[in-house]
Amino acid sequence: MHKPLIAGNWKMNTTIDQGAQLVMKLRELLKGIQDIEIVIAPPFTSLQHLNFLLADTAIKLSAQNLFWEKNGAYTGEVSGEMLRAVGCEYVIIGHSERRRYFGETDETVNKKILAALREGLKPIVCVGETLEEREAGRPVEKVSAQVRSALNGLGPGMVKDLVVAYEPVWAIGTGRNATPSQAEEVHDSIRELLYEEYGMAAVNDMRIIYGGSVKPTNIDSLMAQPNIDGVLVGGASLNAEDFARIVKFEKSPER
Ligand code: PEP
């Protein structure tokens, strides 16, 4: 049984002060929760300050991106070592917005995953099909290809901390979420692929989370699916009460 992971992707929202206000509310609302791993991914500019505010809590920090080189003449980029130094444990890699607006490809995603693992960061790797690919009946095919290229060159000993986030592109920020059974079908296929590539031991450790318009109103039915080990939340993670309700999802008897 995997410890559920609930992660909030704040995207390009919140100044340091706004982020601090949100964190102070989350500290209160999420006090004492131990059976769920809670992660927030604020913008780079707030990480250090929020790390300080989260010091005595169980809420963990993630970055939203990193560059694969260790250091050097790469203006505007941030390395894994820098993220570790400001308290990040996780890093989101290959979010569909980065693929769409910043030219990220399966190849650059793979390089970033290798760099994150080298620096001791846990990657949350985003994959997902477009609406055209779903309507053409090929979500599993597309997602499997993305997962295979993302994990290219990673041996079984390297993947246990890696999280796969299935985020259908058509469901991100649109208010239109995959139904629990649509999500479950793709999660099941990812689990199968991971099992084929890495064997049972790795699969027991790796988590597969869902992202795409997760809200307090749909979290319980998503988390009731056997292969959904958590969620990556965008919009709703900017509202402390909504995010807290998502973290406190109703557990089905099997969990
Ligand atoms: C995301 O950004 O990863 C996401 C799933 O966004 P939203 O919840 O707003 O759809």
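Student: Which residues do ring pairs link into a cluster?

Tutor: Remember that this is a predicted model. Rings pair if their centres lie within 6.5 Å. Here, ring pairs join F67, W68 and Y74 into a cluster.

Student: How many aromatic pairs does a search of the whole structure find?

Tutor: The search finds 4 aromatic pairs. Take Y101 and F102: their ring centres are 6.4 Å apart. Their planes meet at 75 degrees, so this pair is edge-to-face.

Student: Is Y101 buried or exposed?

Tutor: Exposed means over 50% relative accessible area. Y101 has 53%, so Y101 is exposed. F102 is exposed too, at 53%.

Student: And K112, buried or exposed?

Tutor: Buried means under 20%. K112 has a relative accessible area of 4%, so K112 is buried. K112 sits in helix α5, residues 106–118. Leaving out residues up to four places away in sequence, K112 touches N65, L66, W68, I93, R98 and E104. W68 also belongs to the ring cluster.

Student: Now the ligand. Which residues come nearest?

Tutor: There are 14 residues around the ligand, and K11, E167, G173, S213 and G234 come nearest. That shell divides into 4 nonpolar, 8 polar and 2 charged residues.

Student: What polar atoms lie 2.8 Å from an oxygen atom of the ligand?

Tutor: A polar backbone atom of S213 does, and so does a polar backbone atom of G235. For K11, an N or O atom of the side chain is 2.7 Å from a ligand oxygen. On its own, the ligand has 290 Å² of accessible area, and the protein covers 97% of that.

Note on methods:
Residues are numbered from 1 along each chain as its sequence is written. This is a predicted model: local features need pLDDT of at least 70, side-chain atom pairs count only at pLDDT 80 or more; totals for chains, interfaces and linings use all residues. Side-chain values use heavy atoms; hydrogens and water are left out. A residue is near a molecule or strand if one of its heavy atoms lies within 4 Å of it. A polar contact is a pair of N or O atoms within 3.5 Å; within protein, one must be able to donate a hydrogen and the other to accept it, and residues adjacent in sequence count only if both atoms are side-chain atoms. Accessible areas come from the Shrake-Rupley method with a 1.4 Å probe; for residues, only the protein chains shown count as cover. Ala, Val, Leu, Ile, Met, Phe, Trp, Tyr, Cys and Pro count as nonpolar, Asp, Glu, Lys and Arg as charged, and the others, Gly among them, as polar. Helices (H or I, at least four residues) and strands (E, at least two) are DSSP runs, numbered from the N terminus. Buried means under 20% relative accessible area, exposed over 50%, partly exposed in between (1.4 Å probe, protein chains only). Contact means heavy atoms within 4.5 Å. Rings of Phe, Tyr and Trp (its six-membered ring) pair if their centres lie within 6.5 Å; planes under 30 degrees apart count as stacked, over 60 as edge-to-face and the rest as tilted.
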